[in-house]
Amino acid sequence: MPSNAELFSHIRVLISLVVGLGLTRLLTGIARIIQHPRAKPVYGVHLVWVLFVFVTLVQFWWWEFRLASIDAWNFEYYLFIILYITLYFLACTLLFPDNMDDYSDYRDYFLSRRAWFFGFLAAIFVLDFGDTLIKGQAYFASLGWEYFARNAAFVALCLVAMRSRSLRFHVAFAWLAIAYELTWVVRHYQTVA
């Protein structure tokens, strides 16, 4: 029977692959915009969400190292973590589709796919509760009320964003989300200890 360290190493490989695919999708999309700036006009809100997903995906990978402390891995934990990271990958694919032929620009594309994108983002914040609980009750409690409020607020705002076509709302939500997330990362994820 493999040790917990060996099991985590095995699981970490698959997590790394999916994280890598998501980051590749985001970076390739940005590179495509840089290479062909006139192909499709960019949309600032879209780019802010690209940055947001990049930051949260990197944060996910950094903080999943805490999974090494799990005493007993089981298939349910493994399946849960794979489902969780798959949602990140799907969010990345929604930010940069294989082609944009059916859309006039990134704004048109983003607004037409907002329900899917924000649906995945809401699900990510819901599943984050489970991911945090897997790491232990003490860890979950250590994040305090702000963690619960943060995730609940993101879920609620994502549900509104799924339906809203208001450009003002989308601009405000995008900038608020990235600003808050950057402060969250700086305050909570400096070390793995």
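**Helix α5.** I started with helix α5, residues 114-134, and checked its length. At 1.5 Å a residue, its 21 residues should span 30 Å, and the end C-alpha atoms are 30 Å apart, so the two agree. The expected span here is 1.5 Å times one less than the number of residues. Helices are DSSP runs of H or I with at least four residues (strands would be E, at least two), numbered from the N terminus. After α5 comes Gly 136, and its phi is positive, near 120 degrees.

**Ground rules.** I kept in mind that this is a predicted model, where local features need pLDDT of at least 70 and side-chain atom pairs count only at pLDDT 80 or more, while totals for chains, interfaces and linings use all residues. Residues are numbered from 1 along each chain as its sequence is written, and side-chain values use heavy atoms, with hydrogens and water left out.

**Cysteines.** How many disulfides are there? I took a disulfide as a pair of cysteine sulfur atoms within 2.5 Å, and the count by this rule is zero. Cys 92 is in none, as the nearest cysteine sulfur, that of Cys 158, is 14 Å away. Cys 158 is likewise in no disulfide, with the sulfur of Cys 92 the nearest at 14 Å. Buried or exposed? I used under 20% relative accessible area for buried, over 50% for exposed and partly exposed in between (1.4 Å probe, protein chains only). Cys 92 is buried at 0%, and Cys 158 is buried at 0%.

**His 170.** I found His 170 in helix α8. At 1% relative accessibility, His 170 counts as buried. What does His 170 touch, leaving aside neighbours within four places in sequence? With contact meaning heavy atoms within 4.5 Å, its partners include Tyr 43, Trp 49, Phe 110, Leu 111, Arg 114 and Phe 118.

**Ser 166.** Ser 166 sits in the loop between α7 (144-163) and α8 (167-188). I have Ser 166 down as partly exposed, with a relative accessible area of 32%. Its C-alpha atom is 9.7 Å from that of Leu 111, 55 residues apart along the chain.

**Nonpolar patch.** Last, I looked at a nonpolar surface patch of about 320 Å², made by Leu 27, Leu 51, Phe 54 and Val 58. Patch residues have over 30% relative accessible area and no salt bridge, and nonpolar side chains (Val, Leu, Ile, Met, Phe, Trp, Tyr) are joined within 5 Å, like charges within 9 Å. A salt bridge is a side-chain nitrogen of Lys or Arg within 4 Å of a carboxyl oxygen of Asp or Glu. Areas come from the Shrake-Rupley method with a 1.4 Å probe, and for residues only the protein chains shown count as cover. Helix α2 (residues 44-63) gives the largest share, three residues, while Leu 27 is in helix α1 (residues 4-35).
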